[in-house]
Amino acid sequence: MNIASLAPLAVVLPILGAALTFVLIRHSRAQRVVSITLLSLTLLLECVLLASVWNGGTIAVNIGGWLPPWGIVLVVDQFSSLMLVVSSSVSLAVLVYATGQGMADGDQDAPLSVFHPTYLILVAGVSNAFLSGDLFNLYVGFEILLTASYVLMTLGGTGPRIRAGVTYVVVSVVSSVLFLIAIAMIYGATGTINMADLAIKLAELDPGTRTLLHVMLLVAFGIKAAVFPLSFWLPDSYPTAPAPVTAVFAGLLTKVGVYAIVRTETLLFPGDTLNTPLMIAALLTMVVGILGALAQSDIKRLLSFTLVSHIGYMVFGLAMSSVAGLGAAVFYVAHHITIQTSLFLVTGLIERRGGSSSMDRVAGLAKLSPLLGLLFFVPAMNLAGIPPFSGFLGKLGLMQAGVQLGTPLAYALVIGGVLTSLLTLLAVARVWNRAFWRKPSDAEHPDPVLLAAPGDADTGTRHGRKNVILLPRTMVGSTMALVLLGVGLTVFAGPIFKVADQSAQDMLDRTSYIRAVLGDNAPVPAIALPDSEPRASGAADSQEPAPFGAGK
Amino acid sequence: MRVNLTLLTVMGALYACGIYLILERSLTRVLLGLMLLANATNLLILATGGYAGLAPIFSKETAPGDYNDPLPQALILTSIVISFAVTAFMLGIIYRTWVLAREDEIQDDVEDRRVADTPSYDAEDDAEIPVETSEFPLTMLGTDGRAVSNRPPGDETGSGDPHPDDTVRAGSAVLTVEDAAAEEKPGSTNIEPGPEGGRK
């Protein structure tokens with residue numbers, strides 16, 4: 001019995017929770033207990049997985065005992081387990097936040113009985129996508145999380161949400177169809193959809209065909225990750241959803257796309273064939289995204305644009321194909337999931353306390369609620385990359401890798417990255433000046449709740465219910481936990497960077513991934529890092545050593 | 001690998017119709033387009049399995065090449081189920097749009113429109129700050145001699161070069177705009193004002 005065989009539980013536990021919460025749909029208290037318990041268990045399990053692959057190397061689990069490349073395989077390596085831990089911590093915090101909001105508001109804004117099962121299915125889909133070692137299973141993971149996200153996006157069925165939902169669903173379905181077409185073509189060309197097997201067989205293809213398959217996958221994932229020319233759907237659809245939903249979407253969904261791009265680039269199509277177009281896309285994503293953010297007056301929309309913009313940093317790190325660049329990108333993904341989610345959660349609190357998320361309507365929050373000011377200020381500075389926060393460290397890593405690479409395009413990206421960082425600071429400083437620092441009477445259309453006497457500041461009227469607590473302790477507490485996690489990423493940046501660099505090394509090297517899946521005798525096509533020693537994978541499951549050669 | 005030409009032709013036609021339909025503004029047509037795209041993709045996956053062969057049930061007499069490849073069919077089954085779920089959800093959304101708005105069209109984003117209509121002028125950030133170096137409360141002048149005070153931002157009647165006949169009042173004296181502007185600038189001839197108030 002290996003600890004690795006528990007990996008599927010990261011997907012199974014949330015699905016089990018979804019089933020239970022469906023059964024308990026009339027008992028909201030039991031639903032809350034079940035979903036929070038199961039998600040905590042999942043997080044615990046994923047921490048154990050991370051600990052076991054930290055030194056032990058990559059672990060592969062064959063589902064149902066079918067040997068790869070025929071059966072479905074789940075692969076836990078350092079990158080995927082790090083992503084699992086970060087994503088589960090974030091989704092647990094958002095779940096607590098959402099339950100707090102539901103308990104304070106009742107079911108008016110978001111029918112919570114549907115929320116819990118859907119949310120757990122979303123988490124299961126995300127875990128499945130992170131773990132999958134099979135291209136079609138990755139597609140299924142994407143579909144699980146997307147279908148759950150369709151429901152969450154249109155929760156309550158109000159006019160604006162339905163309008164945003166239509167855009168979101170159509171764009172997502174088109175990207176999924178593109179992904180499926182790419183899978184079909186890859187299967188037609190190589191006869192396999194196992195990613196480790198593909199890593200060997202794609203190398204034998206004609207370069208033209210390879211580039212076609214490569215571009216198709218990148219376009220499909222680029223839509224999901226919101227990389228520049230394919231990012232216009234995101235700021236249109238995210239801001240209308242309920243605050244916790246937007247927060248978890250912003251944190252997780254685009255990052256699953258980024259994760260898939262990383263896997264495509266490192267495992268399936270290594271080398272630097274498309275690095276130049278990727279770098280240009282990264283530059284445009286950063287600059288165009290942040291310019292969009294400057295034009296917004298709604299905080300949620302502004303944050304959606306910064307989300308798009310900062311995807312550019314990750315693509316930049318990835319496109320450098322160096323250990324330093326990819327390591328920094330991995331660190332940046334972990335940092336950005338935490339920070340972007342906490343900013344959206346704080347915006348939800350601003351909306352409750354100030355009555356609106358529009359900068360024309362809120363003002364003077366620093367005086368009304370200093371704690372809220374602190375909760376916004378820390379992640380905002382973190383996002384803008386002010387030292388000593390993790391955003392600064394991640395960007396510094398990217399810049400160093402860019403300068404190390406030394407090509408003119410890399411320098412252009414370094415300059416673009418600094419510029420984007422400054423413009424991000426400008427964008428969040430505008431929010432700070434308008435929503436927190438100026439007097440409520442200076443706002444263009446101040447919300448009545450801001451002008452109320454200080455005495456009744458703790459409660460207000462929401463959706464026709466009087467005396468609703470404006471800042472419930474659970475919501476503030478979970479937001480604070482996430483902000484602290486972001487600060488924790490700064491404090492423990494050393495070890496995390498070490499994991500990130502090591503996982504980057506492993507991903508570029510590919511040996512441990514391919515050998516963990518296909519057995520120790522699998523040949524690894526030579527590419528990438530000439531100086532890296534292939535590490536013996538001690539984790540290839542003893543019960544299922546798949547003696548599989550490439551000769552076929 | 002042999003490929004069925006009929007399958008490919010049908011697939012191409014389905015893709016063409018599907019792409020045409022999702023470009024429409026009517027939601028029902030978009031849904032039909034998505035369904036066609038999904039089915040075209042299913043045909044594509046089927047085509048990757050090669051020409052139809054025997055059912056993949058093992059028997060010793062059959063040569064390995066005679067079997068059909070079962071994996072594409074398993075993939076198609078999965079993708080059919082997924083597209084079924086998405087279609088059902090889209091139908092729900094379309095019905096909801098109909099209930100809410102009584103129309104089957106994709107709506108514009110209000111916030112998008114609002115941001116697009118925002119004038120480039122921002123009252124807080126872009127307000128022109130008049131240069132005031134005179135200790136007398138003259139009508140405030142910009143550095144180029146344009147009077148900028150007491151004028152709403154959208155009002156452009158006074159913009160452009162000042163007409164030489166425009167005048168401003170300075171105490172009891174009446175100055176032409178150009179002279180008044182010259183006085184406001186550093187190094188002006190205003191150092192030793194004449195009796196008429198610094199006329200050159």
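What share of the contacts in chain A with a separation of 6 or more comes from residues 24 or more positions apart? In this predicted model, such residues account for 78% of those contacts. Chain A contains 21 helices and four strands, and 61% of its 552 residues are buried.

**Helix pair H5 and H6 of chain A**

- Helix H5 (residues 135–153) and helix H6 (residues 159–190) of chain A have axes that come within 10 Å and cross at roughly 175 degrees.
- Angles over 145 degrees count as roughly antiparallel, and H5(A) and H6(A) are therefore roughly antiparallel to each other.
- On the H5(A) side, the residues making the contact include A:Leu135, A:Phe136, A:Tyr139, A:Phe142 and A:Glu143.
- On the H6(A) side, the contributors include A:Arg161, A:Ala164, A:Gly165, A:Tyr168, A:Val169 and A:Ser172.
- Sorted by class, the contact of H5(A) with H6(A) comprises 14 nonpolar, three polar and two charged residues.

**Interface between chains A and B**

- At this interface, 26 residues of chain A are in contact with 30 residues of chain B.
- Three helices of chain B, namely H2 (27–48), H3 (71–101) and H4 (110–117), each supply at least two residues of the side that touches chain A.
- H3(B) provides the largest share of that side, with 14 residues.
- The residues of chain B on the side touching chain A are divided into 20 nonpolar, six polar and four charged.

Conventions
Residues are numbered from 1 along each chain as its sequence is written. Chains are lettered from A and ligands numbered from 1 in the order in which they are written. This is a predicted model: local features need pLDDT of at least 70, side-chain atom pairs count only at pLDDT 80 or more; totals for chains, interfaces and linings use all residues. A residue is buried if 20 or more other C-beta atoms lie within 10 Å of its own, exposed if 12 or fewer, and partly exposed in between; C-beta atoms are placed from the backbone. Two residues are in contact if their C-beta atoms, placed from the backbone, lie within 7 Å. Ala, Val, Leu, Ile, Met, Phe, Trp, Tyr, Cys and Pro count as nonpolar, Asp, Glu, Lys and Arg as charged, and the others, Gly among them, as polar. Axes are lines fitted to C-alpha atoms, for helices over the stretch in contact, and angles run from 0 to 180 degrees between N-to-C directions. Angles under 35 degrees count as roughly parallel, over 145 as roughly antiparallel, 65 to 115 as roughly perpendicular and the rest as oblique.
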